[in-house]
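Subject: Structure handover

Hello,

I am passing a structure on to you. Please open it and keep it beside this email while you read.

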2 protein chains.
Amino acid sequence: MNAPLYNRFVLPDTQSGSLQVVLVSPRNPLNIGAVARAMANFSFSRLSVVAPFEPNWREARSAIGAPALLVNAVESATLSEAVANCTLVIGTETLTRRKPEQPVVPLIDLAPRVGRELAGGGRVALVFGSEKHGLTREDLSYCHLLAEIPTDLLQPSMNLGQAVAVCLYELTRSAAAATETPPVTSFLSTTFATTSGRLDLLAGVIEETMQAAGYSPRVMQAANRHDLRLLLRRLSLTSHDTRRILGLFRRILWRLNRLGR
Amino acid sequence: MNAPLYNRFVLPDTQSGSLQVVLVSPRNPLNIGAVARAMANFSFSRLSVVAPFEPNWREARSAIGAPALLVNAVESATLSEAVANCTLVIGTETLTRRKPEQPVVPLIDLAPRVGRELAGGGRVALVFGSEKHGLTREDLSYCHLLAEIPTDLLQPSMNLGQAVAVCLYELTRSAAAATETPPVTSFLSTTFATTSGRLDLLAGVIEETMQAAGYSPRVMQAANRHDLRLLLRRLSLTSHDTRRILGLFRRILWRLNRLGR
């Protein structure tokens, strides 16, 4: 039996280009380079780096075969900014005992969800935390869901580059396995999904309205902001929904402010 | 929803103990350490190192959480010696255009073959070549078959630790998939779903708020009510969400009415 090529599947170009890998606060440039290399191995090209520890990360020698990917990577100061135009933001973590606030999807079940989003014209971010601490609770509040890599409970912490390699392998593997299955038409066409940036805008207006209405004491503001971010991401709002809700809250806010003057 | 444990499958202890990872002529101890870490992540413990370049490889700091695995690893001078007691020796490589002399199995199809061997009491070796050149033709001649990782043809060469992580992930993933189908856990447990009556109550308060805020002309009220009903049902609100949103709108409404008096 000679080497068959049938197991060489990738997402369609236009789709893999709509998936970005986001690294939050990576410490070691060698790890960033290793991530770039794994991305090239599995045919992904869009890398975002949020608040990297070392300024010279683009020169990482470990990006074997993928230096251009590092040069073209996007650097931003915050995760909010990095995923602003994404319609589906996925946090990643290995198996832990703590209770996440987002829906958890085993890695093995992630690909169909990602595939639907991309097929509908959406933009997906796959987010990895720093080597030491993973994603913080605040980072996670920008995520619609959480993909869980099934590691050993006694030794769950993965090397960053290895975690990225395993996730991207799984996405391409599943895309391969799924090519012949007809696409499930999701109720909510992702073409009309709301970007993360729009959700942040909406959250801002709702928060302002809460304050104008004296909804809760000042000490509760940070907690409310956090809960609101989670809630808005859980609702699968269409861009049309978002526009209307935004319109409603702007109107309420205007009214509260005018009456309260 | 909390982290489900159903996606945590491993090979039975006696079986994962019968599978060894073999590294042939690894150059960089950091890579050996990274391999050990990945093995611990996916619950494998037997490592063999053949003709390592650096004598002090057992001290690799990259073996996070797996120093004992390095200490217990077996060093040998030749591959022949390392796999002497194995019943199935599997070489690994990424996608290449050259024609191997062994049967090639796509990585995705490897697990059943490995599972059968282990279940029958066999001993399996998974062999990885050096960072630079992979497995030589002579190395391959000790292999019963060749597992192929489906990488991009333009960028096939993987980092050693990442290649091991991907292969071991795939073996445990497939073992999991073969054991049983996990129950489909809906994101929104119906226990906490909102009843239709509660949604109507919420819709009523939102509608009243719209009117109090002068959100839209009276002729639009029926249309808005209809859209709102659809929207609230699409959002899969939990009873907790509903209570909070209701609280917010009641507060806004109270404020609007008081100010407007």
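Predicted model: local features only at pLDDT ≥ 70, side-chain atom pairs only at ≥ 80, totals over all residues.

Chain A has an open sheet of seven strands. Their order is 3-2-1-6-4-7-5, and the pairing is parallel. Strand 3 (74-76) and strand 5 (104-106) of chain A are the edge strands. Each of them pairs on one side only. From one strand to the next, the twist averages 30°.

Look next at strand 4 (residues 88-94) and strand 6 (residues 124-128) of chain A. They run parallel and are joined by four bridges. A:Leu88 stands opposite A:Val124, a residue of strand 6 of chain A.

Helix 5, in both chains

In chain A, helix 5 (residues 110-119) lies across strands 1 (19-24), 4, 5, 6 and 7 (145-149). Its direction makes an angle of about 140° with strand 6 of chain A.

In chain B, look at which side of helix 5 (residues 110-119) is buried. The buried residues there are B:Leu110, B:Ala111, B:Val114, B:Glu117 and B:Leu118. They sit on the same side of helix 5 of chain B, because they cover an arc of only 130° around the axis. The face turned away from that buried side carries exposed residues: B:Pro112, B:Arg116 and B:Ala119. After helix 5 of chain B comes B:Gly121, with a positive phi near 90°.

The cores

Nonpolar side chains tend to be buried together in soluble globular proteins. Here, the largest nonpolar core has 125 residues. Which of them touch the most other members? They are A:Val22, A:Met39, B:Val22, B:Met39 and B:Val127. Take A:Val22 and leave out residues up to four places away in sequence: A:Val22 then touches A:Ser48, A:Val50, A:Ala82, A:Val83, A:Ala125, A:Leu126, A:Val127 and A:Phe128. Another core, of 26 residues, lies apart from the largest one. Its members include A:Leu202, A:Leu232, B:Phe249 and B:Leu253.

Where the chains meet

How many residues of chain B are in contact with chain A? There are 55, and they meet 55 residues of chain A. On chain B, the elements that give two or more residues to this side are helix 2 (29-41), strand 5 (104-106), helix 7 (160-179), helix 8 (196-212) and helix 10 (239-260). By class, this side of chain B has 31 nonpolar, 15 polar and nine charged residues.

Best wishes

Definitions and conventions: Residues numbered from 1 in each chain as written. Chains lettered and ligands numbered in written order. Contact = placed C-beta atoms within 7 Å. Nonpolar A, V, L, I, M, F, W, Y, C, P; charged D, E, K, R; others polar. Buried ≥ 20, exposed ≤ 12 C-beta atoms within 10 Å, placed from the backbone. Arc of directions from axis to C-beta. Pairing = 2+ DSSP bridges. Axes fitted to C-alpha atoms, helices over the stretch in contact; angles between N-to-C directions. Core = buried A, V, L, I, M, F, W, Y, C linked by C-beta atoms within 7 Å.
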